[in-house]
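Let's take a walk through this protein, from a few single residues out to the whole chain. Have a look at the sequence and the fold before reading on.

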Amino acid sequence: MLVEFFVNGGPFMWPILLSLVFGLAFVGERFYSLIMSSINADKFYTDVNNTLDSEGVDATVELCANTNGPVAEIFHAGLSRMNRGIGEVEKSLEMSFLEKNMIWLNAVITIAPMLGFTGTVAGMISAFDAIAAADDISPAVVAGGISQALLTTAFGLIVAMIIQIFQNVFVSRIDKLVLDMEEHSVQLVDHLYEMESNKK
């Protein structure tokens, strides 16, 4: 049934399908990235603090380098700049990676309905051409064009809704992760300042 609808929708169904595949590819990438961001985060933060206290910055940098996930990468980037001062560490502790590729999901949400509406216009043009060619306004003459018009609109909106749902889930998860990571980043920087003051 879906294949029949797809064929009847005309040539604009292909770019709509491609936009769905494109969007789902980035959905998969975001799922992986966010799952990696949340694996044992609390344990990792505890390990970082304990290693800082017992073995120092170099050992903590090595711990971050040997730990998978973007959270460890951010801490690694920050602590690697410790020799330039704690201010440089703070600048490096940015969470922008979490929102990476979200713009492509927005693009699919915007473009898929536009492709659908363009298919609608093409379908209506086809219907009116059929009327002009047949010199008849009977439903049978225009049914094909109107059906094509409605199908492309429906499929474009469905694609946009699917990707929108995933985007909303990701935004909610990202907000929670950012708050959690900002809190731990502040604690890390405070810990570094405390270590510096204890050396004096």
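Which residues does H76 touch, not counting residues up to four places away in sequence? H76 touches V61, C64 and A65, where contact means heavy atoms within 4.5 Å.

A quick word on what you're looking at: this is a predicted model, where local features need pLDDT of at least 70, side-chain atom pairs count only at pLDDT 80 or more, and totals for chains, interfaces and linings use all residues. Residues are numbered from 1 along each chain as its sequence is written, and side-chain values use heavy atoms, with hydrogens and water left out.

H76 sits in helix α5 (residues 70–79); helices (H or I, at least four residues) and strands (E, at least two) are DSSP runs, numbered from the N terminus. Its C-alpha atom is 8.4 Å from that of L63, 13 residues apart along the chain. With a relative accessible area of 27%, H76 is partly exposed, a label that falls between buried (under 20% relative accessible area) and exposed (over 50%), using a 1.4 Å probe and protein chains only.

T60 belongs to helix α4 (residues 57–65) and is buried, at a relative accessible area of 0%. Leaving out residues up to four places away in sequence, T60 touches V48, T51, L52 and L79.

**T152 and the polar contacts**

T152 is in helix α8, and like T60 in the table below, its side chain reaches backbone atoms. T152 is buried as well, with a relative accessible area of 0%. Setting aside neighbours within four places in sequence, its contacts are G9, F12, M13, I16, G116, G119 and T120.

The table lists polar contacts, that is, pairs of N or O atoms within 3.5 Å; within protein, one must be able to donate a hydrogen and the other to accept it, and residues adjacent in sequence count only if both atoms are side-chain atoms.

| Side chain | Backbone atom | Distance |
|---|---|---|
| T60 | oxygen of G56 | 2.8 Å |
| T152 | oxygen of G116 | 3.1 Å |
| T152 | nitrogen of T120 | 3.2 Å |

**A charged pair**

Side chains of opposite charge can pair when their charged atoms come close. The count here is 1 salt bridge, meaning a side-chain nitrogen of Lys or Arg within 4 Å of a carboxyl oxygen of Asp or Glu. R30 pairs with E29, and their closest N and O atoms are 2.8 Å apart. R30 counts as buried at 1% relative accessibility, while E29 is partly exposed at 25%.

L24, F117, L157, I158, M161 and I162 make a nonpolar surface patch of about 510 Å². Patches are made of residues with over 30% relative accessible area and no salt bridge, with like charges joined within 9 Å and nonpolar side chains (Val, Leu, Ile, Met, Phe, Trp, Tyr) within 5 Å. Helix α8 (residues 139–199) gives the most to this patch, with 4 residues. L157 is found in helix α8 and is partly exposed at 35% relative accessibility.

**The whole chain**

The protein has 8 helices and 0 strands. Buried residues make up 40% of its 200 residues. Of the contacts with a separation of 6 or more, 75% come from residues 24 or more positions apart.

As for confidence, the mean pLDDT (the predictor's confidence in each residue, from 0 to 100) is 80, and 80% of residues reach 70 or more.

Note on methods
Accessible areas come from the Shrake-Rupley method with a 1.4 Å probe; for residues, only the protein chains shown count as cover.
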